[in-house]
Amino acid sequence: ENITPTGRYNVYFKNRWHPLFGDVYGQYVTGFSGHYLFHSVPNEKTVLNALETDEFNKLGTNASQGCVRLMVSDAKWIYDNIDMNTSVEVIDKKGTADPLGKPVTVNIDSQLKWDPTDPATKNPYNEKMPQITGAEDVTIEKGGKYKPKIKAIDSCGNDISDRVKVL
């Protein structure tokens with residue numbers, strides 16, 4: 001496992017699919033320093049339904065050869081919006097203020113082999129809907145207390161009830 005280099009670099013390379021270490025491929029690859037890249041979680045082949053789901057479930061941890069692994073939606077945004085020769089800065093959150101914070105981890109079903117953020121029309125996650133149960137209108141007298149019993153499940157099947165905000 002390598003450490004992602006910090007510093008200011010210029011985008012020098014882009015490829016829709018690109019081979020990575022270990023006979024796998026990244027989608028929406030944008031190179032910023034030597035062999036260091038922004039790219040999707042690895043796929044076993046250059047097809048959309050060959051995602052290494054165990055690797056997807058490691059997002060937010062050190063798990064690569066030093067590249068920046070991203071969900072497809074984020075890798076695609078960089079690929080589509082950051083032009084060649086654009087300056088990018090890679091920071092170490094320990095030494096610099098982290099402007100975005102660590103993303104929330106999303107675990108996915110190992111059987112589907114798709115990134116849930118992939119915009120492809122055939123993505124099976126497009127058919128899955130988030131679910132919220134227990135939500136109801138309640139009238140509370142001034143000074144009264146109410147503890148909602150809401151359960152929220154995201155489209156990947158993760159319980160996200162702790163992220164529900166009651167207004």
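Contact here means heavy atoms within 4.5 Å. The structure is a predicted model, in which local features need pLDDT of at least 70, side-chain atom pairs count only at pLDDT 80 or more, and totals for chains, interfaces and linings use all residues. Residues are numbered from 1 along each chain as its sequence is written, and side-chain values use heavy atoms, with hydrogens and water left out.

Ser40 was examined with this contact rule. Its neighbours within four places in sequence were set aside, and Ser40 then contacts Gly26, Gln27, Leu70, Val72 and Ala75. Ser40 belongs to strand 4 (residues 36–40). Strands (E, at least two residues) and helices (H or I, at least four) are DSSP runs, numbered from the N terminus. Ser40 is buried, at 1% relative accessibility. Buried means under 20% relative accessible area, exposed means over 50%, and partly exposed lies in between (1.4 Å probe, protein chains only). A polar atom of the Ser40 side chain lies 2.8 Å from the backbone nitrogen of Gln27.

Residues up to four places away in sequence were not counted. On that basis, Tyr28 touches Asn15, Arg16, Phe38, His39, Val72, Ala75, Lys76 and Tyr79. Tyr28 and Tyr79 are 51 residues apart along the chain, yet their C-alpha atoms are separated by 5.6 Å.

Tyr79 also takes part in a charge–ring arrangement. The charged end of Lys14 sits over the Tyr79 ring, 5.4 Å from the ring centre. For this, NZ of Lys or CZ of Arg must be within 6 Å of the ring centre and within 35 degrees of the ring normal.

Aromatic pairs were considered next. A pair of aromatic rings is described by the distance of the centres and the angle of the planes. Rings of Phe, Tyr and Trp (its six-membered ring) pair if their centres lie within 6.5 Å; planes under 30 degrees apart count as stacked, over 60 as edge-to-face, and the rest as tilted. The whole structure holds four aromatic pairs. One of them joins Tyr9 and Phe32, a tilted pair with 5.7 Å from centre to centre and 55° between the planes. Tyr12 is partly exposed, at 38% relative accessibility. Phe13 is partly exposed as well, at 21%. Tyr9, Phe32 and Phe38 make up one aromatic cluster.

Charged side chains were then searched. Side chains of opposite charge can pair when their charged atoms come close. A salt bridge is a side-chain nitrogen of Lys or Arg within 4 Å of a carboxyl oxygen of Asp or Glu. Six salt bridges are found in the whole structure. In one of them, Glu89 pairs with Arg8, and the closest N and O atoms are 3.0 Å apart. Glu89 lies in strand 6 (residues 87–90) and Arg8 in strand 1 (residues 7–10), so the pair ties together parts that are 81 residues apart in sequence. Arg8 is exposed, at 58% relative accessibility.

A further salt bridge joins Lys76 and Asp80, with the closest N and O atoms 2.5 Å apart. Both residues lie in helix 2 (residues 72–81); they are four residues apart, so about one helical turn separates Lys76 from Asp80. Lys76 is partly exposed, with a relative accessible area of 23%. Asp80 is partly exposed too, at 41%.

Asp159 and Lys151 also form a salt bridge, at 3.8 Å from N to O. Asp159 is partly exposed at 46% relative accessibility, and Lys151 is partly exposed at 42%. Glu55, Lys58 and Arg69 are linked in a network of salt bridges.

Disulfides were the last item. A disulfide is a pair of cysteine sulfur atoms within 2.5 Å. By this rule, the count is zero. Cys67 is buried, at 10% relative accessibility. Cys156 is buried as well, with a relative accessible area of 16%.

Note on methods:
A polar contact is a pair of N or O atoms within 3.5 Å; within protein, one must be able to donate a hydrogen and the other to accept it, and residues adjacent in sequence count only if both atoms are side-chain atoms.
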